[in-house]
Number of protein chains: 4
Amino acid sequence: MRSAAAREAILAATARQFQLRGYDNLTIEGIAKEAGVGKQTIYRWWPSRGALIAECLTDGRLFPVDFDIPVSGPVLDDVETWLDRVLAVLHSPGGSGLLRSLVAAAAEDDAVGQHLSEGIGVEQSLHTRLTLAVRAGELPADAPVDQLGSAILGAIIVQALGREEADAEGLRELVRFLLRPDGQAGSSA
Amino acid sequence: MRSAAAREAILAATARQFQLRGYDNLTIEGIAKEAGVGKQTIYRWWPSRGALIAECLTDGRLFPVDFDIPVSGPVLDDVETWLDRVLAVLHSPGGSGLLRSLVAAAAEDDAVGQHLSEGIGVEQSLHTRLTLAVRAGELPADAPVDQLGSAILGAIIVQALGREEADAEGLRELVRFLLRPDGQAGSSA
Amino acid sequence: MRSAAAREAILAATARQFQLRGYDNLTIEGIAKEAGVGKQTIYRWWPSRGALIAECLTDGRLFPVDFDIPVSGPVLDDVETWLDRVLAVLHSPGGSGLLRSLVAAAAEDDAVGQHLSEGIGVEQSLHTRLTLAVRAGELPADAPVDQLGSAILGAIIVQALGREEADAEGLRELVRFLLRPDGQAGSSA
Amino acid sequence: MRSAAAREAILAATARQFQLRGYDNLTIEGIAKEAGVGKQTIYRWWPSRGALIAECLTDGRLFPVDFDIPVSGPVLDDVETWLDRVLAVLHSPGGSGLLRSLVAAAAEDDAVGQHLSEGIGVEQSLHTRLTLAVRAGELPADAPVDQLGSAILGAIIVQALGREEADAEGLRELVRFLLRPDGQAGSSA
DNA sequence: GACTAAGCGAGACGGTACGTCGGGTCTTACG
DNA sequence: CGTAAGACCCGACGTACCGTCTCGCTTAGTC
């Protein structure tokens with residue numbers, strides 16, 4: 001009979017340590033100590049450090065915010081609103097480190113990787129909003145909405161990996177370009 | 001007096017171990033042993049595991065191939081050719097694992113992150129080719145070529161992180177959409 | 001209401017494990033599993049590993065034989081007969097290991113120590129037989145029969161602890177010397 | 001190149017912990033911590049807890065005293081003098097616990113067992129003194145001096161194992177009986 | 001003849017120690 | 001003086017058992 005209290009304490013400690021110290025530097029012993037739990041109790045229910053992170057991810061314990069996209073105007077405006085929200089988190093102290101840690105975890109652990117998209121919820125949100133846009137005729141009918149989501153998220157990740165100071169304007173440009181309402185800018189030329 | 005032989009042996013061993021066993025599982029001791037070198041010799045010249053990887057990266061020792069983009073026709077064709085090359089490497093055994101390892105290294109280590117783009121050379125190549133395309137009027141003058149490169153690379157990375165079977169067709173669609181020669185694909189049709 | 005079946009299974013399992021794997025390497029969990037019993041059932045009735053052994057000891061479950069001394073001739077002959085029996089057990093496979101395990105248990109656990117002599121029954125038997133011998137005038141009236149028993153048993157234990165190949169002849173010599181019927185060898189001098 | 005300082009610290013810590021807490025309760029981690037040493041350094045040079053004890057034993061670190069037997073009068077007097085010394089140690093606080101711990105170690109570990117006699121030095125001392133006595137005609141020419149040593153030591157051990165309050169008088173009686181200067185003590189009376 | 005209450009098997013729990021791996025620093029001996 | 005070798009202290013790994021603690025499930029007596 002599994003102890004709910006232990007489960008809760010472990011996941012909470014995992015999330016806290018992850019945010020505090022990053023994916024590497026995350027130790028089972030540290031989690032166990034902070035959670036006031038024996039190591040065996042962790043190993044009994046999770047096969048690996050990654051599985052812990054994956055569960056925190058799907059529980060929404062790693063990000064204190066959600067990234068829903070509003071549906072209140074033209075796609076472009078809505079997505080820019082969303083982008084600002086995302087960038088705000090990234091610029092907050094520890095924000096980009098958190099993203100990098102998450103990427104590291106996803107890169108090293110299958111379980112985390114498989115839950116990455118659902119975890120950040122970004123692809124899901126984008127997908128939904130872009131699909132609506134396609135239906136509304138704001139985007140071409142053949143726009144590969146899934147891929148566009150990956151591309152935008154991917155661009156953010158690539159920036160974070162590069163340790164460039166997050167280039168908000170560049171990302172906005174990208175979004176504007178990707179979602180340009182009709183004929184490409186300068187089409188009249 | 002730095003020993004060139006030692007340097008060479010160390011970097012070669014690092015690259016081999018990285019490809020063979022991934023970024024985590026990469027140990028200084030393992031490298032030292034394989035290189036026939038004392039651990040101290042490594043620590044004397046490189047401050048961290050990441051620095052080793054970073055140097056392998058800029059030396060082009062991690063990927064056996066280069067990803068130059070041809071300039072022989074319409075951008076779209078050239079980029080698709082390049083994409084096929086990239087996907088071939090990714091589908092080869094260990095290919096996606098290698099990419100993930102690289103992403104893990106970049107996510108965990110600043111030095112690697114800062115050299116990531118130059119290392120894979122992808123952004124560089126794309127940037128160059130797309131700039132040409134802009135000049136040739138194939139792409140709108142205000143197309144954010146840097147961001148487009150990041151987006152394409154990012155989409156590939158996001159796929160790899162997700163452990164989805166690399167979706168070649170999706171990526172091709174994305175590229176076609178991003179580089180669609182004129183206004184909204186078929187929107188006027 | 002104590003379950004007789006559980007008690008029996010536990011003691012049997014304890015004895016078997018003790019003979020099989022020795023005193024250290026003897027685990028409560030192992031006993032519980034072999035006995036098909038919950039750990040709690042053991043802890044409910046015995047305070048410690050040692051108490052289990054002590055009870056096996058007094059139940060005569062650790063040695064498959066008893067070490068009664070015959071009363072059929074001169075003390076010396078009877079004791080030598082007994083000694084042969086003891087040595088036979090000691091030379092049998094696992095015999096000296098069993099004795100060492102028992103000594104270890106007695107050394108580490110008070111309960112076992114207190115029941116050691118009654119457990120092997122050796123001192124008891126020797127005491128009885130030697131007392132008879134004193135009465136019969138075979139031994140001096142002031143012979144310290146208790147101490148003689150301890151000495152003989154002790155000599156056997158010391159040999160076993162030393163991992164010397166059990167020196168049967170030496171022990172026989174000792175016994176002959178201790179129980180030399182009257183005037184010591186060379187008494188006529 | 002082995003560190004002499006580490007060796008010394010480890011053996012000292014081992015001896016102290018052994019005297020303080022007994023053989024069981026003796027942990028490698030405890031020794032390492034007290035010695036200010038990494039566990040690996042212990043495992044590098046000693047295969048087991050027992051090997052540590054064995055080395056302390058042969059180094060004479062476990063007993064603060066030596067048990068030489070004087071040669072200054074009749075055997076019996078000399079041995080009684082020696083016995084008093086031994087009993088004094090045994091009666092000192094922790095004395096019998098120390099002996100029991102040593103017996104436990106010898107019983108559970110081959111290395112300790114093989115060095116037991118040389119470690120306490122008791123058998124050696126007794127052997128030497130008794131041999132002299134045989135030469136001097138104080139003991140019969142065929143007295144099994146080795147076995148007599150084992151018997152005396154063994155009797156002491158058996159007493160200690162039994163948790164009887166060490167029966168000094170009994171042991172003195174035993175010694176007097178074993179080494180009675182001529183024929184059966186008082187048999188002619 | 002249903003109803004407790006104890007004993008039971010099972011096994012999760014917070015811990016301690018195990019023996020191993022690798023990190024990064026150091027010392028030694030050689031070329 | 002840089003090097004190969006490797007010992008050193010340390011922190012963490014994943015495992016084994018400890019002794020305590022629920023859990024439901026028998027299984028007796030008792031009402």
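**Close-up views of a predicted model**

**View 1. Confidence along chain A.** Chain A of this predicted model has a mean pLDDT of 90, with 96% of its residues at 70 or more. Residues 183–189 of chain A are a stretch where pLDDT stays under 50. For that stretch the model has 9 contacts beyond four places in sequence.

**View 2. The interface of chain D and chain C.** Chain D brings 43 residues to the contact, and chain C brings 43 residues. About 3,500 Å² is buried between the two chains, and carbon and sulfur atoms give 62% of that area. On the chain D side, the residues that lose the most area to chain C are D:Gln147, D:Arg163 and D:Phe177, which together account for 17% of what that side buries.

View 3. In a salt bridge between C:Asp110 and D:Arg163, the side chains meet at 2.9 Å, N to O. D:Arg163 is also one of the residues of chain D that lose the most area to chain C. Polar contact across the interface involves 10 residue pairs, both residues being at pLDDT 80 or more.

**View 4. Helices on the chain D side.** At least two residues of the side of chain D that touches chain C come from each of α6 (95–108), α7 (110–120), α9 (145–161) and α10 (168–178) of chain D. The largest share, 11 residues, is supplied by α9(D). Sorted by class, this side of chain D holds 21 nonpolar, 10 polar and 12 charged residues.

Methods:
Residues numbered from 1 in each chain as written. Chains lettered and ligands numbered in written order. Heavy atoms only, no water. Contact = heavy atoms within 4.5 Å. Buried area = accessible area lost by both parts, 1.4 Å probe. Salt bridge = Lys/Arg side-chain N within 4 Å of Asp/Glu carboxyl O. Polar contact = N/O pair within 3.5 Å; in protein donor to acceptor, adjacent residues only side chain to side chain. Helix = DSSP H or I, 4+ residues; strand = E, 2+ residues; numbered from the N terminus. Nonpolar A, V, L, I, M, F, W, Y, C, P; charged D, E, K, R; others polar. pLDDT = per-residue confidence, 0-100.
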